[in-house]
Amino acid sequence: MAELLAELDRIAIVPALNEEVTVGRVIDEIREFDPGFDIVVVDDGSTDRTAGVAADRGAHVLRLPFNLGIGGAMQTGFRFAFERGYDIAVQVDGDGQHDPSQLPKILGPVLSGDADLCVGSRFTGDGAYRSSFARRVGIKIFARVVSMVVRQRVTDTTSGFRAVNRRGIALFAADYPHDYPEVESTVMLVKHKLRLVEVPVAMRERGGGASSITAFRSVYYMTKVLLAIFVGLFRRNAVPLEEEHR
Amino acid sequence: MTPLPVSIAAAVASFLLLVVVFELIRSRRLRERYALLWLLTGIVLLVLSLWRGGLNTIAGWFGVVSYPPAILGAIGALFILVVLLHYSTVISRLSDQNTILAQRLALLEQQLREG
């Protein structure tokens, strides 16, 4: 796998909102896994030293002028990856819950050409994942709905630990869901006839900061995402960005 | 009791509202997050227009016995108020963000000219 990977221009997109405590370690660990990974930290309007810490480590830093939410932040990363001509992109959250040593698991199916998007799931295998009851129920419901819509078994639709190839980058650069994008982007990708593969990964407890989803917002979140999935079924597909000269 | 034609007209109107909102989301002219309140409005109005006994009961709570559909209008007005208030907060946020963008652009231009 290392040889296959070495031939590709690869980038890690690290979305971060007030993660000064953890973002440095995330960058170090990605480099530890593979020094050839370029790293772009998308600072989604942090009020702490997130951008400074990342820049000191020599990562590319995209500082958004105000908070766009994880969807807008990730799309910024995908635009960067698209314009700079990267072949493969991984998302590693800046809060440290994604373990870069697990990257081979999500990279494998994309490198072998079996998947355009590979999602690391907390639930299909090793790694006990603890989370609140409401959150687990929500994730279960999404898993059911999405599995039905994409006609393929998925267990963890809210996971942000993902690897995507050039086709996926071109699609997500052109159109990426707002607010809470993981669930919708999975459906969108399959609707575009790109291939989705889910693999089990171990995740860590969050290293710092607070989850962006509080209990109060979960109902709004679920309603909004379910509505988006439903309406998305009736929507015409977006046009992926065109390659200019390759 | 609400006159049947009033119930039918109200039900048709709220159903049309739901259809229009759905089409606006589908064609990407309305984002889901701004559509939720409209959908809630449409659903509540639709339910109350169809469920005539329920509307009667609610009207009774407020001492409106002569003409229950008045409550339908009042609830509709209440929802519109909430939507408007929500939009006021949205506009405030947009205008704050616009200020930040203009300031960042000015700083960038200055850097380009003098840098």
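Helices here are DSSP runs of H or I with at least four residues, strands are runs of E with at least two, and both are numbered from the N terminus. This is a predicted model, in which local features need pLDDT of at least 70, side-chain atom pairs count only at pLDDT 80 or more, and totals for chains, interfaces and linings use all residues. Residues are numbered from 1 along each chain as its sequence is written, while chains are lettered from A and ligands numbered from 1 in the order in which they are written.

**View 1. A:Lys224, a buried lysine in helix α9 of chain A.** Helix α9 of chain A spans residues 215-232, and A:Lys224 sits in it. A residue is buried if 20 or more other C-beta atoms lie within 10 Å of its own, exposed if 12 or fewer, and partly exposed in between, with C-beta atoms placed from the backbone. A:Lys224 has 20 C-beta neighbours inside 10 Å, so it counts as buried. What does A:Lys224 touch once its neighbours within four places in sequence are left aside? Taking contact to mean that the C-beta atoms of two residues, placed from the backbone, lie within 7 Å, the list is A:Asp179, B:Glu32, B:Arg33 and B:Leu36. A:Tyr180 is 44 residues away from A:Lys224 in sequence, yet their C-alpha atoms are 9.0 Å apart.

**View 2. Where chain A meets chain B.** Eleven residues of chain A and eleven residues of chain B make up the contact. On the chain A side, six of them are nonpolar, two polar and three charged. For these classes, Ala, Val, Leu, Ile, Met, Phe, Trp, Tyr, Cys and Pro count as nonpolar, Asp, Glu, Lys and Arg as charged, and the others, Gly among them, as polar.

**View 3. The seven-stranded open sheet of chain A.** Read across, the order is β3-β2-β1-β4-β6-β5-β7, with mixed pairing. The edges belong to β3 (60-63) and β7 (196-200) of chain A, each of which has a single partner strand, so one side of each lacks a neighbour in the sheet. Neighbouring strands are turned by 20° against each other on average, direction ignored. Pairing takes at least two bridges found by DSSP between two strands. Strands β1 (residues 10-16) and β2 (residues 38-43) of chain A clear that with six bridges, in the parallel sense; A:Pro15 has A:Val42 as its bridge partner in β2(A).

**View 4. Helices lying on the sheet.** Helix α2 (residues 23-33) of chain A lies across β1 and β2 of chain A and runs at about 165° to β1(A). Angles run from 0 to 180 degrees between N-to-C directions, and axes are lines fitted to C-alpha atoms, for helices over the stretch in contact. Helix α7 (residues 166-174) of chain A also packs on the sheet, where it touches β4 (88-91), β5 (117-121) and β6 (162-165) of chain A, at about 95° to the direction of β6(A).

**View 5. Strand β5 of chain A, mostly covered.** Five of its five residues are buried. A:Leu117, A:Val119 and A:Ser121 point one way, with A:Cys118 and A:Gly120 pointing the other way. β5(A) runs antiparallel to β6(A), joined by three bridges, and A:Val119 has A:Arg162 as its bridge partner in β6(A).

**View 6. Helices α1 and α2 of chain B, side by side.** α1 (residues 4-26) and α2 (residues 32-50) of chain B pack at about 160°, their axes 8 Å apart. The two are therefore roughly antiparallel (angles under 35 degrees count as roughly parallel, over 145 as roughly antiparallel, 65 to 115 as roughly perpendicular and the rest as oblique). Among the residues that meet are B:Phe15 and B:Leu18 of α1(B) and B:Trp38 and B:Leu39 of α2(B). By class, this contact has 13 nonpolar, four polar and one charged.

**View 7. Helices α2 and α4 of chain B.** The axes of α2(B) and α4 (residues 69-114) of chain B come within 10 Å and cross at roughly 175°, so these helices are roughly antiparallel to each other. Contact residues include B:Trp38 and B:Leu45 of α2(B), along with B:Phe79 and B:His86 of α4(B). The classes come out as ten nonpolar, four polar and no charged.
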